[in-house]
Protein chains: 2
Amino acid sequence: MPSLNVHFLPALTTPEALTGSAVVVIDVLRATTTIATALAAGARKVIPCQEVEEAREVAAKLPAGSVLLGGERAGTPIAGFDLGNSPLEYTPARVAGKTLVFTTTNGTRALRHARLAKAIFCGAFVNLSAIADHLRGEPRIDLLCAGTDGQVTAEDVLFAGMLANRIASLDQRRGRKRDFGDAAAIAMAFHESVGSSERSRFRVLCESLGGRNLIELGMTPDIRYAAQLNRHRLAPELLTPSGHIVASRS
Amino acid sequence: MPSLNVHFLPALTTPEALTGSAVVVIDVLRATTTIATALAAGARKVIPCQEVEEAREVAAKLPAGSVLLGGERAGTPIAGFDLGNSPLEYTPARVAGKTLVFTTTNGTRALRHARLAKAIFCGAFVNLSAIADHLRGEPRIDLLCAGTDGQVTAEDVLFAGMLANRIASLDQRRGRKRDFGDAAAIAMAFHESVGSSERSRFRVLCESLGGRNLIELGMTPDIRYAAQLNRHRLAPELLTPSGHIVASRS
């Protein structure tokens with residue numbers, strides 16, 4: 001039977017267990033929101049890197065003028081980088097036509113965890129419907145929440161629940177049955193209890209572990225942006241073996 | 001500020017992080033349900049053991065006639081043991097006045113994970129209110145879901161959410177504020193979506209990972225029993241350094 005599983009943290013599954021599955025990596029605050037935004041703003045591709053030094057080396061090998069370094073450590077920009085991890089920085093004026101070399105703590109680690117999957121997408125509220133479209137017909141779906149430093153975060157689980165509910169509706173419309181694991185059932189119930197309004201979603205994001213960190217750093221506008229639904233009609237897809245994330249439009 | 005955190009699996013926290021906290025270990029299907037039932041049926045105490053051989057050795061040192069060996073591996077009884085892990089076996093006729101040496105896979109491991117806590121209780125639907133009473137006034141509460149073989153299970157998260165909601169109500173009545181972590185918020189929403197009726201709880205237990213395993217083994221009556229609320233008015237408490245679980249009545 002087709003299946004959909006949710007993993008509240010990468011540590012709750014293994015790369016091997018994701019082999020052959022269509023995986024959505026979720027780091028709503030803020031990596032996957034920012035990656036979707038950068039591609040929507042015309043960035044050619046995003047190259048995710050685990051370490052700051054690795055990002056600098058990758059960028060140094062690319063033609064000067066064609067590349068931007070972006071990302072964060074502990075929520076704040078990295079010395080010498082062109083851009084931080086706020087999606088609001090990723091405007092067409094800054095990023096159109098550029099290659100973005102990008103490193104964040106939790107999001108990049110989650111992307112690496114999915115490396116054996118059949119397909120790897122970056123999901124966030126700003127592109128939820130495009131992600132749902134790309135999962136159409138997939139027999140095995142795994143939604144991988146990045147969390148924050150090994151802690152479960154409400155914003156990622158809320159997105160997983162909303163996407164799982166969307167997929168359940170699409171399945172139902174086609175008379176198709178799918179097996180939803182226990183964590184998926186919990187995430188779906190969480191989304192049902194929060195509801196689909198932007199206002200209630202914004203409140204959950206503000207109260208979450210990730211949101212409280214951002215509010216302390218003065219980044220409430222980022223949370224407001226990340227709570228918006230379907231602002232972009234594209235699914236960032238991590239291609240193998242290149243390791244590059246490009247915009248896939250359905 | 002007082003806090004309440006939920007851990008969907010023991011691996012999501014560390015023994016050190018639980019130091020000084022009042023911890024409720026949750027393995028609804030079936031270890032904590034069975035432990036509460038055994039004590040309610042008059043067992044003098046329960047000695048949890050991680051390994052089958054360890055349980056045999058502990059039992060061998062106790063006066064013959066005063067001790068019973070109980071537990072399971074992969075849902076089925078252990079060769080040479082007096083009792084399995086079905087709460088329905090733990091009748092007064094079988095266990096009154098006896099010391100129960102007990103080993104199960106997930107529940108015992110979760111108890112061990114909580115070893116540095118200030119107080120350790122065994123929680124299940126059959127004794128939810130007694131657990132809530134024992135947590136009264138506790139500034140730090142951690143609800144530790146045992147899960148099944150490293151997988152999140154809905155029945156444990158449902159119990160954690162119901163207990164967290166109960167504690168939130170008690171706090172509110174006293175005008176007391178408490179900080180609920182993200183996983184607690186998710187578990188509470190899950191309980192709200194399921195509701196408090198025994199019928200809806202039974203359905204979630206049947207559909208959960210732990211429940212489906214038991215149904216395959218022909219143990220649906222155990223699930224029906226575990227879904228009952230407040231059948232027993234006691235909180236099993238693991239005492240240190242003895243490592244014995246005794247009935248605490250408020």
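Let's start with the contacts of His7(A). Leaving out residues up to four places away in sequence, His7(A) touches Leu12(A), Thr13(A), Leu18(A), Asp142(A), Leu143(A), Leu144(A) and Cys145(A); contact means heavy atoms within 4.5 Å. His7(A) sits in strand 1 of chain A, residues 3-7. Strands here are DSSP E runs of at least two residues, helices are H or I runs of at least four, and both are numbered from the N terminus. His7(A) counts as buried because its relative accessibility is 11%, and buried means under 20% relative accessible area with a 1.4 Å probe, protein chains only.

A word on the source. This is a predicted model, where local features need pLDDT of at least 70, side-chain atom pairs count only at pLDDT 80 or more, and totals for chains, interfaces and linings use all residues. Residues are numbered from 1 along each chain as its sequence is written, chains are lettered from A and ligands numbered from 1 in the order in which they are written, and side-chain values use heavy atoms, without hydrogens and water.

Now the interface. 19 residues of chain B contact 19 residues of chain A. The buried area is about 1500 Å², with 65% from carbon and sulfur atoms. That is accessible area (1.4 Å probe) lost on putting the two parts together, summed over both. On the chain B side, Leu12(B), Asp182(B) and Ile186(B) lose the most, together 40% of what that side buries.

Charges next. The rule finds 4 salt bridges across the interface, each a side-chain nitrogen of Lys or Arg within 4 Å of a carboxyl oxygen of Asp or Glu. Asp182(A) and Arg212(B) meet in a salt bridge at 3.9 Å, N to O.

Definitions and conventions:
Buried < 20%, exposed > 50% of the residue type's maximum accessible area, 1.4 Å probe, protein only.
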